[in-house]
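Here's a quick tour for anyone meeting this structure for the first time. Have a look at the sequence and the 3D view, then read on.

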Amino acid sequence: MANSGFNGLMVAAFESRMATEMTRLIERHGGKPLVAPALREIPLEDNSAALRFGEQLLTEGLDVLVLLTGAGTTTLFEILHSRHTKDTIKSGLKETVLIARGPKPVAALKALGLQPTLTVPEPNTWVDVVSTLDAYRPLKGLRVAVQEYGLPNYDLLEALKQREANVVPVPVYRWALPEDTAPLKQVIDQILAGQVQVLLITNAAQIDHVMQVLEQEGKTTKFKTICRQLVIASIGPTASERIRSHGLTVDFEPSHGKMGILVKECSEQAHAILLNKRGPQA
């Protein structure tokens, strides 16, 4: 395998739960893995926002519920089921338009015995969410709840407010930096030292946390300069959107947003991308 795929390139990634799998994938495709977590997933200690959403749903009703992620959809309904029966929740949703941002929320809804009213088409960005809603009906005066998982999507919330919707954010999870940031800082330092050739981003919040650490240490400008010489590979449009928001370039997206496909396809393209970015010295 050393003569195929990454062929000895140093590949950095910021996986948390799937760190072992990511390390093995990089090795399998000929890379030298450098993996450290950038995220710590924390269930909200106080699920008050989600529970308030449930009360509003059952007493006042909601016009639209936007479901952004599969995991967030599942968790939201687990929280609601802690207070209300499944039949009660289904009854409350009878008049609510369910918007699923892509296949993962659709699958989560089906597991709950629910069907989406509308499914947002690929590439499933917040712009596609808004376009889907615009095509459906005017949002002025409608009560629109948005299930959040990870960081809030302020662009989406602002776009809905501009359309004069009454927006109800429903946070389910929040991401925090790891309790021990030393491994993350070590990976960042190796990137800054020019020892890394490929950077894999599998979650939009990962790049937020990397940039947060860099900003705290006053190394943002140097990092952006170094990244011009790297292959930055994103697992999909949502992560790519966040990467670009930090002034970085996305060099590669896989044919499907799965970790294994990302690593395999990136390994096949990495040398050509480096040659294009760096010239023959790559």
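Glu 164 sits in the loop between α7 (154-162) and β8 (166-176). Keep in mind that this is a predicted model, and that goes for each value below. Although Glu 164 isn't a glycine, its phi is positive, at about 65 degrees. Most residues other than glycine have a negative phi, and most peptide bonds are trans. Is Glu 164 buried, partly exposed or exposed? Its relative accessible area is 46%, so it counts as partly exposed, since that class covers what lies between the buried cut-off of under 20% and the exposed cut-off of over 50%.

Another loop worth a visit is the one between β6 (118-119) and α6 (126-136), where Pro 123 is found. What kind of peptide bond joins Glu 122 and Pro 123? A cis one, with omega at about 10 degrees. Asn 124 lies in that loop between β6 and α6 too. Asn 124 is not a glycine, yet its phi is positive, near 65 degrees. With a relative accessible area of 15%, Asn 124 is buried, because buried means under 20%.

Ser 131 is partly exposed, at 40% relative accessibility. Going from Ser 131 to Val 120 takes 11 residues in sequence, and their C-alpha atoms are 8.6 Å apart in space.

Now hop over to Gly 218, which has its place in the loop between α9 (204-216) and α10 (220-227). Gly 218 has a relative accessibility of 66%, so it counts as exposed. Between Gly 218 and Leu 142 there are 76 residues of separation in sequence and 44 Å in space, taken C-alpha to C-alpha.

Here are the residues with an accessibility value, side by side:

| Residue | Relative accessible area | Class |
|---|---|---|
| Asn 124 | 15% | buried |
| Ser 131 | 40% | partly exposed |
| Glu 164 | 46% | partly exposed |
| Gly 218 | 66% | exposed |

Next, the inside. Around it you'll find Phe 77, His 81, Lys 86, Ile 89, Lys 90, Leu 112 and Leu 114 as the lining. Two elements, α3 (70-81) and α4 (86-92), each give two or more residues to that lining. The largest share comes from α4, with three residues. Sorted by class, the lining of the largest cavity has four nonpolar residues, one polar and two charged.

Finally, step back and take in the whole chain. Its secondary structure comes to 12 helices and 10 strands. The radius of gyration is 21 Å, close to the 19 Å from the globule rule for 282 residues, so the chain is as compact as a globular protein of that length. Along the principal axes, the C-alpha atoms fill a box of roughly 65 × 40 × 35 Å.

What share of the 282 residues is buried? That would be 51%. As for contacts with a separation of 6 or more, 66% of them are between residues 24 or more positions apart. The chain's accessible surface is about 13500 Å², and carbon and sulfur atoms account for 49% of that.

Key. Residues numbered from 1 in each chain as written. Predicted model: local features only at pLDDT ≥ 70, side-chain atom pairs only at ≥ 80, totals over all residues. Heavy atoms only, no water. 1 Å grid on protein atoms, 1.4 Å probe; cavity = no way out; pocket = protein on both sides within 12 Å on 5 of 7 lines; lining within 4 Å. Helix = DSSP H or I, 4+ residues; strand = E, 2+ residues; numbered from the N terminus. Nonpolar A, V, L, I, M, F, W, Y, C, P; charged D, E, K, R; others polar. Rg over C-alpha atoms; globule rule 2.2 N^0.38 Å. Buried < 20%, exposed > 50% of the residue type's maximum accessible area, 1.4 Å probe, protein only. Contact = heavy atoms within 4.5 Å. Areas by Shrake-Rupley, 256 points an atom, 1.4 Å probe, with all protein chains shown as cover.
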